[in-house]
Structure formats: C-alpha cells, structure tokens
Amino acid sequence: MDAYSVYTFTLLFVGSMAQPTQVGLTGPGAPVTEGTDPAITLTCTLNSPAMFELSFPLQYVSTSTTENGFDHPDINARSCIVAPGNTVGTVIIPLIDDVVIDAPAGGESLTVSITDTRGLFTPMGAGMTTVTVLDDGVDNVPLLITPRDLLHSAKELAMAATDSFAAVTLDFIDACGDLAPLEEDITVSVTKVNSALDTATAGTDFTDVTMWPIAYTAGMTETSALMTVRALNDNDIENMETVSFVLGDMTAAVAGSITAVGSPAFQVQFGDDDRTELIAIQDMTPLSRRSKADVTIWAVSSEPGGGGWDIADSTLGHSLVDVKRKVRTINTRSALQLTIPRPKKNSKRRINEFTFTRTQSFGPNAYERTVRSYLSSTSHGEGRAPIETDVNSIITVYPDAQPCSTLDQAYCITVRCTGLNRRQLRWSFIPVDGSNSDETLLRRYNGMTRIPITGCDRAGLYIVGRQDRREIGWVDFVRVIQAVCPRGMYDLGGTCTSSNVGSCLNQGILDQTLNVCTCTPGFTGTHCQLEQAPGTFGSNNQFQVRDYFRGNLNGKCITFSYPDTFGATCAAGFQGKDCCDQCKRGCNFGANCAQTCHCIDSMCDPFSGRCANGCASGYNGFNCQ
C-alpha cells in the first residue's frame, strides 16, 4: 500500500468518529477550606471523546460572594483543557489564604460557568458549578474592638459654646493579642448597661445611648479609633457620676468574628461644673426711718434639701434669741429665712452681723460656703442721714494694693457730714473675727472725714459716728474684706496661683476659693458676659427675687451678699445705701449703677447697659463696653 493510500485511510478513520457536541462543568462536590485545601479542582466533561485538544474558557459569575482576584486568581483568565481522545479535563483554581475573616460559618460561594467561543457546543446540564469556600477561622485580623481604658471622663461645661465629650479610644486587637488595622468594614454596637452602680441619667447627664451603632471602614491604617459620649449640662450640684457601656458586634456578614478577649465593657464618668452657691438677700425697705416692719433676710443655697445650715450672730445687735428662723425648700433648693425685729428707737446697738454657713456639701466642686449679712439702722429710706460713707458698705482690699493716697481712691473711706461738725466724728474698729469693738485702733483718725485702709487695720468693720449719738442716721459703717491673694490669682492649697479664668466682666470678681467669676445680679456666664433678666440671680439663673420677696420683680431695694472676696451689692439697675435708687437713665447701668453707658443716644438699659440704637464710636458688645 503506497503512502497516498495510507493517508487516505487515516482521514477516513478519523472522519468516522462521533464529534462531541456538549460540555459540562462540575466542582469538588464538597466545601473547600481556605488554608487547609490549597486549591479548587473543577472538571469539564464532554459527551464523547475529543478528536483533538479542546480549550473551554471559564467565566466568574457575578452572583459569587468570593472576591475574584482576592480570594482566588482571576477566573476569567483560566480555561479547562480536554486532551484528544479524552472526555474530561481539569482546571486547578488556587485558594488565596488571606488575613481576612471572609464570612460566617456558612462560607462564601464561587460560581463558575464554562463557555464555548466557537459556538459548537451546547451546555451539559446547567453549564456551571458552585463551590462553597470556608474560612480557616485563624486569620490575623481584629477579633476584638476593646476600649483602651476602662474609665473615661467628661465634664459639664456651663455656658460653653460646644458640648463636652468623653473620648473613648477603641483598639483593634487580633487573635494574637496585637494591634492590627481593619481589613473589612465592621459595625459595632454600644449598649448602655443598666447597672445598679451607675448614677448618671440618660437624657439628663449624657446623650442617651440605647443601641448606638458605630461603623468603621476597611483600609484604615490606624489600629484604633475614637468614639465619644456627650455630656449634658444641668444646674444641679452632683457627685462624680458614672455610666457603664458594653461593646457588641452588629456586623451580619461577620457574626461572631468579634469575640471578647478580656472585658468589652467600659465606664464614663461625668464631672460636675456646678458649684455650691450661697447668697444672702435682704429687703432694705423696713429700715426706712418711718417703717415699722420687721426685717427679713434670706440665705439662699443652690444645693437641694432643707437641712445643713449653721448660723451665728455678732454681739452688736439682736441675738438669735430675738430672731425667728425657718428652713424652707423653694424650687427644690434650700433656703433659710430670718425675721428680725426692727431696732428700737434710740437703741445704741445698731449693727447686726449674721454669718450663714451651708455645711451640707458634696461633689468635687462643692465647698462649704459662708456668707455674712449686715443689718444696720444706718439706712435712710427717706432723706439724707447726718453721717454717711461714700461706699456701699463693702471694700475689698488686695495684698498688692498701695496705701491710701491721692492716686488710690479705692482704699480710702470718705464720710459726708450734714449738720455736724467733723470734729465730733469718732471711729471704731471691729476685727474680722467679730470680737469686741476697738475704740483705740482708729483713734488717730477721730475728727477726720477721710481715712486710709492700710496695714493690719484692713479686715473688719470700720464704724463712724457721733460719739454721743448712735440712733438712726448718726452712725455708719464700712466692711473691709481682706483678699487672700493678689488680683488675678486664687488660693490653691494655700498657695496663690495665677487664674486661667481671664477677666470677670460687668463688675464680676474672681472667687479666690473656687477660681470662678462671681457675677453681680444681672449678669452670668463664665466671664459674666451674659445678661440676666431683671430680678434673676445666681450663676445659672436659678434664683428669682420674687420667690423670696413676693411682688419684687426687678430686685429694687434688695441687697445681695456673696461669700468673700465679693461682699454685698445692689441688683442691676439700682444704687444707694438701701438699693432703692434707680440708675440715671442714659448715664449708668448695672449693679450699684457703677458702669457707664456708651450708647449713641440716651437709650441705655439701666439693668444691662444694652443700647437700643447702637454703640457710640469705639465701643462694642451687647452693652457697648
């Protein structure tokens, strides 16, 4: 047989074989596990043997939950090859063992279809297969989001433009206990624990957190993140309060991936910015020379509850035996009411000193507070008294002050005499401790209408009068308060320390015990920069004069006594010994009418100094200062 005959026979033999017309694709039939099984084996099957090598491209089906190119190589770049004479071929798809927890216990799915670009084959069955890929569960990924510290702090900020937050640092911890960045999106819940030990109240002390989801995004390079709990400001004096939270996993795709290594719970504590306030208010109208009414003094505390009051009196006037006192609760706050018989005519004991101490104190910023109130028949509700000092009963002297001179008017006492020879003036001094009057200490100033406040003579009561007459109008006094520290400093454990409070505006004075501004009635705020409604007082506008003196809406004829170094003052809009004289409209405003109006016209509010039609040139602010 020649060569041509052999070649012809071969063609006839091949041509006599059946051509395959269908192709199918199957998987391993059981789940594969990342890290345990190195690859997925897919099998393509023909309905008859291949006459020559056949290649069938594979295609990644978009319904898969594995990530093409990340959990395995690109499926679309691979083909299943069947050798000549065979009916099956295989393709190996390697599994990439990543460091990501890919799915919950059910695993991820990979669906692959087989294609024929020549159009000669039809699918055998579905023409595709689905493989379940399980995670090995030991990936080096964050298994826990844990608070770095178990206790975090926030503080109320009174009058602040922004809220205060407790910043809680959450660390991402892997299975080895090391910090690790996130490689997938997760959402974590923050749930408030209803612990019997917690004292902070949701919605009152902090923003309510019932189920607070926090989302963190994959690709973060940081190994920690911040969450915040917002503190809410109130006006109640409280101890340090706490609330407990616990972290939980809310990511459905990775349920159970965040496990508790240690405790996922933490606490936030809230510091209180409210301070114990103690203010004595006195109606001056019964001290008019024609009045027969008893005198009422209220000692008002910002603390709740009725008890906890101490009171003492000097030996200069009525004793506590003569005084009716009653502890009351007004608007949930404690108050002590004193009713004092008006001094009788021609009585020589004309000055009372009442010392109020609020002994109930709690919270980190609550201190025992003491305030002194003075009852004197030297007030002159009608007409001018024969003897009258030029100050409203109080002078505060600072350690850095210079002795009285023509350049230092603030530390001198000047007396105005009407129908009295000044040579008849007699000065006496009562030390700050309330001991008996010293007639000799100031003897060198007898007959003088202007005396200095210097040296050891400073702190106490300076009393001036006509020696042989002590009835109404013939005696007056000035209380001198000796500040502990120079201006702008406060007492920190016995050491005078520079204050970080800044300026106290509108006649406010730095409290050298608490390092806060004590504001005159009519103003409030961290720097006394905010106006109050007339008749309102207290650092948080918590008191109303009308609650204590019925019908008094603006504080007229009321004196307000504060703890040292402040002393006493009239309400905003009033001045004079009895605080009954209104400020001259268009000229002055504020407590004791001590501030000057700077309006473009006379339309100046006597309480706040607010200008109805704008400020004069060079002045600004709500009251043009």
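## Second largest cavity

In this predicted model, strands β18 (278–283), β35 (516–518) and β36 (523–524) each contribute at least two residues to the lining of the second largest cavity. The volume of this cavity is about 170 Å³. Its lining has 23 residues, and those closest to the centre are R275, E277, T518, C519 and Y562. By type, the lining residues comprise 11 nonpolar, 8 polar and 4 charged.

Across the whole structure, a search finds 7 cavities of 30 Å³ or more.

## Nonpolar cores

The largest nonpolar core contains 24 residues, of which I40, L42, L46, F56, L58 and I114 touch the most other members. At least two residues of this core come from each of β1 (22–26), β3 (39–46), β4 (54–60), β5 (79–82), β6 (88–94), β7 (108–114) and β9 (128–134). Another core lies apart from it and has 22 residues, including L182, A225, A231 and V268.

Leaving aside residues up to four places away in sequence, L42 touches L25, T26, G27, L58, G89, T90, V91, I93, V112, T129 and V131. In soluble globular proteins, nonpolar side chains tend to be buried together.

## Chain as a whole

The chain has 1 helix and 45 strands. It has 625 residues, and 47% of them count as buried. Among contacts with a separation of 6 or more, 64% are between residues 24 or more positions apart.

The accessible surface of the chain is about 29300 Å², with 52% of this area belonging to carbon and sulfur atoms.

## Backbone features in loops

D564 and T565 are joined by a cis peptide bond, with omega about 20°. T565 is in the loop between β40 (558–562) and β41 (567–570).

Two asparagines have positive phi values. For N506, phi is near 50°, a positive value in a residue other than glycine. N506 belongs to the loop between β33 (495–498) and β34 (509–511), and it counts as buried because its relative accessibility is 8%, under the 20% limit. For N592, phi is near 60°, again positive in a residue other than glycine. N592 sits in the loop between β44 (588–589) and β45 (595–596). Because its relative accessibility is 23%, N592 counts as partly exposed.

Notes: Residues are numbered from 1 along each chain as its sequence is written. This is a predicted model: local features need pLDDT of at least 70, side-chain atom pairs count only at pLDDT 80 or more; totals for chains, interfaces and linings use all residues. Side-chain values use heavy atoms; hydrogens and water are left out. On a 1 Å grid over the protein atoms alone, a cavity is a set of points where a 1.4 Å probe fits but cannot get out, and a pocket is an open set with protein on both sides within 12 Å along at least five of seven lines; lining residues have an atom within 4 Å of a point. Grid points are joined across faces, edges and corners, and a volume is the space filled by probe spheres set on the points. Helices (H or I, at least four residues) and strands (E, at least two) are DSSP runs, numbered from the N terminus. Ala, Val, Leu, Ile, Met, Phe, Trp, Tyr, Cys and Pro count as nonpolar, Asp, Glu, Lys and Arg as charged, and the others, Gly among them, as polar. A nonpolar core is a set of buried Ala, Val, Leu, Ile, Met, Phe, Trp, Tyr and Cys residues joined through side-chain atoms within 4.5 Å. Buried means under 20% relative accessible area, exposed over 50%, partly exposed in between (1.4 Å probe, protein chains only). Contact means heavy atoms within 4.5 Å. Accessible areas come from the Shrake-Rupley method with a 1.4 Å probe; for residues, only the protein chains shown count as cover.
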